[in-house]
Amino acid sequence: MVAKISTGKSIRGMLHYNENKITEGEAALIMASGFAGEIDQMNFNQKLNRFAHLQELKPDVKTNAVHISLNFHSSEQLKDELLQEIAAQYMERIGFADQPFLVYRHDDAAHLHLHIVTTNITAQGERIDLHDIGKKLSEPARKAIENEFKLVKAESRLFKAQSGIKPAHLEQAKYGRLPTKRAISNVITAVARDYKFTSLAEYNAVLKGFNVIALRGKEHTAMFEKKGLMYALLDEKGVPIGVPIKASSFYAKPTLRNLEKKFEQNALKRKPFKEDLRKRIDKVLSAYSSVTRSRFEQELKSQGIDVLFRENESGQVYGITFVDHHSKTIFNGSDLGKAYSAKAIIEQFGQLNRVIQKEKNQTEKLVNAGASQQKKGEVTQDANVQGSSTANLLEILLEKSQPEYFSGITRKKKKRKKRGQKSSQELTI
C-alpha cells in the first residue's frame with residue numbers, strides 16, 4: 001500500500017473532484033465518519049458545510065484542507081467492508097480519528113485506491129500539526145496496516161514496477177463525447193498530481209505512455225502565442241485522433257500557465273532521484289559488451305523505466321527521455337549527464353546482445369581448457385623425455401656388453417716358415 005498526503009487551501013476543490021468522479025461513475029462514497037444523518041441523503045453543500053464549520057473556528061489558518069490517497073497493488077481486489085476498516089485504522093493512527101472525513105473508492109486507474117477528504121481544524125478550534133506527518137505518522141501507519149491486513153508492501157519490487165495510471169483505451173472512448181473527455185481527464189489529473197516533469201516535452205513523454213497528448217499548436221499561431229493548450233487521444237501509432245479538448249474545460253485546469261508553475265517546483269522535487277536512475281541505467285549497460293536497442297528498452301522497462309527516443313522527420317534520433325514510474329520522475333538524457341545523452345547511448349548499441357558474464361565464463365572455459373591441454377602436453381613430453389632417457393641408458397648398457405673387437409689385441413711375431421709351408425696367424429682375444 002502507498003499512502004500520499006496532500007494539503008491545500010480549498011476543501012471545496014477536493015470535495016468537488018471526488019463528487020464529480022461519482023457522477024461520472026468512476027468512484028463511490030463508501031464511508032462517512034463524523035457526519036450526522038444519512039450521508040446518502042446529503043447533497044454537496046451539506047457535506048461542504050460540515051468541514052467549513054470547523055474551518056471557521058480557526059480562520060487564520062489558510063492551509064486547512066487535507067486530501068489523502070491510499071493506493072493498493074493492482075492484484076489486490078478488496079471489498080468495501082475491508083477498505084472501510086483500513087481507512088478507519090489509518091486515520092486513527094495519524095491522529096485524525098475524531099475529525100470528520102469522507103472515504104471515496106476510485107476505480108479510474110489500473111489499481112484500486114481510496115481518496116479521503118478531511119480538515120485539520122478540530123472541534124476545539126485547534127490546528128492539527130501537519131509538519132512531517134508523512135514520515136512521523138503516515139509511514140508507520142502504512143507499514144502496520146500492510147502487516148495486519150497482509151497487503152502487498154510498498155517497498156516490494158512488485159509494487160515499484162507499476163505506473164498506477166490506467167491508459168485511455170481508444171475502443172472505450174467515443175470521440176467528441178463525454179467518455180473521451182473522461183478518459184483524458186483521468187490520465188492528465190493523475191500525471192499532473194503524481195509525476196515530476198520540468199517541461200511540456202517531459203509532460204508529454206508521460207502522457208504518451210497512456211495514449212494522451214498535450215498540443216500547443218504550430219508556432220506563430222494565435223493559440224501558440226497565447227499559450228493555449230489542448231488535449232487529444234492517440235491511436236496505436238501515436239497519432240492524435242478525434243476532436244482535441246481545451247485544457248480550460250477540464251476541472252483540474254491543466255493549462256500551460258498552471259503547468260509552468262509545476263515545472264519550477266518539480267525541478268527541485270526530482271533532484272533526489274537523479275543518481276538512483278543513473279545507477280539503474282549503468283547496471284543495464286554494464287551487463288553487456290554489446291546490446292541492441294530493443295533489449296536496452298526491455299531491460300529498463302522491467303525496472304519500471306520507459307525509454308523514449310526523439311526523432312526528426314527523417315528518422316534521425318536527436319534526444320532521449322527516461323520516464324521512471326518508480327520515483328515518478330522524468331529526465332532528459334542530457335540532464336543526467338553526457339554519458340546518458342542520445343548520442344552516447346546509441347553508440348553502445350550493437351546488432352547482437354552479448355552478455356559480459358557469459359563471455360567471461362566462455363573465456364574462463366577456454367583458458368581452463370588450454371591450461372589442461374598444456375598440462376597434458378607437458379605430461380606427454382615428460383613421458384617422451386623419460387622414455388628417451390631410458391632408451392639412451394639401455395643403449396649405453398648394451399654398448400658396454402658388446403665385445404670390443406679392436407681393443408686389447410696382441411699380435412705375435414711371425415716366424416719364418418720353411419718353403420712349402422703355409423703361414424698361419426693367430427688372433428688372441
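**Close-up views of a predicted model**

View 1. K47 is buried, because its relative accessible area of 5% falls under 20%. E19 is buried as well, at a relative accessible area of 14%. Side chains of opposite charge can pair when their charged atoms come close.

View 2. The side chains of R270 and D335 meet in a salt bridge, with an N to O distance of 3.5 Å. R270 sits in the loop between α9 (256-269) and α10 (274-286), and D335 sits in helix α12 (residues 333-336), so the pair ties together parts that are 65 residues apart in sequence. R270 counts as buried, at 9% relative accessibility. D335 counts as partly exposed, at 30% relative accessibility.

View 3. How far apart are the closest N and O atoms of D306 and K301? They are 3.0 Å apart, and the two residues form a salt bridge. D306 has a relative accessibility of 19% and counts as buried, because the limit for that class is under 20%. K301, at 52% relative accessibility, counts as exposed; the limit for that class is over 50%. Salt bridges also link K4, R193 and D194 in a network. In the whole structure, a search finds 19 salt bridges.

**View 4. The crossing of helix α3 and helix α4.** Helix α3 covers residues 80-93 and helix α4 covers residues 133-149. Their axes come within 9 Å and cross at roughly 145°. The crossing of α3 and α4 is right-handed. On the α3 side, the contact is made by L82, E85, I86, Q89, Y90 and R93. On the α4 side, the residues are L137, S138, A141, A144, I145, E148 and F149. Of the residues in this contact, eight are nonpolar, two are polar and three are charged.

View 5. β4 (101-106) is mostly covered, with six of its six residues buried. F101, V103 and R105 point one way from the strand, while L102, Y104 and H106 point the other way. Strand β2 (residues 27-33) pairs with β4 in the antiparallel sense over six bridges. Strand β5 (residues 113-119) also runs antiparallel to β4, and six bridges join the two. Which residues stand opposite L102 or bridge to it? A32 stands opposite L102, and in β5 the bridge partner of L102 is V117. A hairpin of six residues joins β4 to β5.

View 6. Q99 lies in the loop between α3 and β4. Is Q99 buried or exposed? Q99 is buried, because its relative accessible area is 5%. Leaving aside residues up to four places away in sequence, Q99 touches S33, L54, T118, T119, N120, I121, T122 and I128.

Terms used
Residues numbered from 1 in each chain as written. Predicted model: local features only at pLDDT ≥ 70, side-chain atom pairs only at ≥ 80, totals over all residues. Heavy atoms only, no water. Axes fitted to C-alpha atoms, helices over the stretch in contact; angles between N-to-C directions. Helix = DSSP H or I, 4+ residues; strand = E, 2+ residues; numbered from the N terminus. Left-handed = near helix turned anticlockwise from the far one by under 90°. Contact = heavy atoms within 4.5 Å. Nonpolar A, V, L, I, M, F, W, Y, C, P; charged D, E, K, R; others polar. Salt bridge = Lys/Arg side-chain N within 4 Å of Asp/Glu carboxyl O. Buried < 20%, exposed > 50% of the residue type's maximum accessible area, 1.4 Å probe, protein only. Pairing = 2+ DSSP bridges.
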